[in-house]
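Subject: Structure handover

Hi,

Here is the structure I promised to pass on. Please open it alongside this note.

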Amino acid sequence: MRKHVFAGSLLAAFTLAMPALANTPDKAPPHQKWSFEGATGTYDKASLQRGFLVYDHVCASCHGMRSLTYRDLEGIGLSDQAITDLAHSKQIPGPVGISGMPTMRPGLPDDHFRSPFPNDAAAAAVMGGVAPPDQSRLAAVHPGGADWLYAFLTGYRMPPPTDAPIVPGKFYNDWAEGHMIGMPPPLMNGAIQYPDGTPATVEQQAKDITTFLVWAADPHRNERHHIGKGVLAYLAVLLVLAIAWKRKIWKNLKSHG
C-alpha cells in the first residue's frame with residue numbers, strides 16, 4: 001500500500017505539474033552539480049542504480065518507460081543475473097490463451113519495461129482523466145532538464161511561506177504555477193532503503209531519480225564521451241608530432257641556408 005501511495009504522488013506531481021510548469025516562474029532552476037555534465041562528464045553508476053530503485057519502487061506503478069528494455073540496465077552496471085531476475089519478477093502480457101482471454105508471463109531481459117496500464121485510455125480512466133507521461137524522454141523534452149526535475153522534486157515547502165495563500169487541498173511548491181499544486185510531495189525521507197547504505201533523503205532520492213531519468217533519455221553518453229576523449233588524445237598526439245616535424249624541417253632549412 002505504501003508503495004502505491006508514493007507512486008501515486010509521483011505520478012500526480014509529474015502529470016499535473018508538467019502542463020502548469022510550461023509557464024513556471026520567470027527564473028531558471030538552480031544549477032546542481034551533475035557528474036554527467038560537460039563534454040567529459042560521465043554517469044555515476046551508483047547513483048544510476050539508486051535512481052532505478054526509486055523508479056522501480058515509486059514511479060513504475062504508474063509511469064512506463066517504453067524506450068527501455070530490461071537488458072538496457074547493463075548500462076547502469078546491473079549484472080546479467082540481476083537483470084534476468086528482475087525481468088522474471090515482472091508479469092508481462094502474453095499471447096491470448098485457448099480460452100480467448102489474455103495471459104501473463106514472467107518477463108525476459110529483452111522485454112521492454114512493463115507498462116502499468118494496457119493503454120493511455122485505460123491510464124487516463126484510472127488517473128482522473130490524465131494518462132501518466134512515459135518517462136523515457138522526460139529529462140530530454142522538458143526545457144529545464146535535470147536542474148528542473150531536481151528543483152521540482154525538492155521544491156515543496158511544508159509549512160508554506162507565511163505570505164502564501166491558504167488553499168485547502170493544495171500544497172506549496174516553488175516550481176508550480178502560482179506555487180500551488182494539488183498533490184502532496186512525491187518523495188519522503190526514508191521512504192525507500194538503499195542497499196549501499198546511502199541515506200535516502202528527499203534530496204538524495206531526487207538527485208538519483210533525476211540522474212536515472214537523464215540516463216534513460218541518453219543512455220549512450222558515457223560511451224560517446226569515452227570515444228570523444230580518445231579522439232582528443234589522438235589529436236593531441238598528432239599535434240605534438242606535427243610540431244616536432246615542423247621544427248625538424250625548419251632546422252634543416254636553416255642549416256642549409
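Predicted model: local features only at pLDDT ≥ 70, side-chain atom pairs only at ≥ 80, totals over all residues.

**Core.** The largest nonpolar core has 47 residues. Within this core, Y55, L73 and W215 have the most contacts. Five helices each supply at least two of its residues: α2 (45-59), α3 (80-88), α5 (138-141), α6 (145-153) and α7 (202-217). The most comes from α7, which gives nine residues. As background, nonpolar side chains in soluble globular proteins tend to be buried together.

**Y55.** Leaving aside residues up to four places away in sequence, Y55 touches A60, H63, G64, M65, F113, Q135, I209 and F212.

**Helix α6.** Nine of the nine residues of α6 are buried, so this helix is largely enclosed by the rest of the structure. Among the buried residues are D147, W148 and Y150.

**Strand β4.** I181 sits in β4, which covers residues 180-181. Its relative accessibility is 6%, so I181 counts as buried; the cut-off is under 20%. F171 is ten residues away from I181 along the chain. The C-alpha atoms of these two residues are 5.2 Å apart.

**Surface.** Which residues form a nonpolar patch on the surface? They are V237, L238 and L241, with about 270 Å² of accessible area together. L238 belongs to helix α8, residues 221-255. L238 has a relative accessible area of 37% and is therefore partly exposed, between the 20% and 50% limits.

Best wishes

Note on methods
Residues numbered from 1 in each chain as written. Heavy atoms only, no water. Patch = residues over 30% accessible without salt bridge, like charges linked within 9 Å, V, L, I, M, F, W, Y side chains within 5 Å. Areas by Shrake-Rupley, 256 points an atom, 1.4 Å probe, with all protein chains shown as cover. Salt bridge = Lys/Arg side-chain N within 4 Å of Asp/Glu carboxyl O. Helix = DSSP H or I, 4+ residues; strand = E, 2+ residues; numbered from the N terminus. Buried < 20%, exposed > 50% of the residue type's maximum accessible area, 1.4 Å probe, protein only. Core = buried A, V, L, I, M, F, W, Y, C linked by side-chain atoms within 4.5 Å. Contact = heavy atoms within 4.5 Å.
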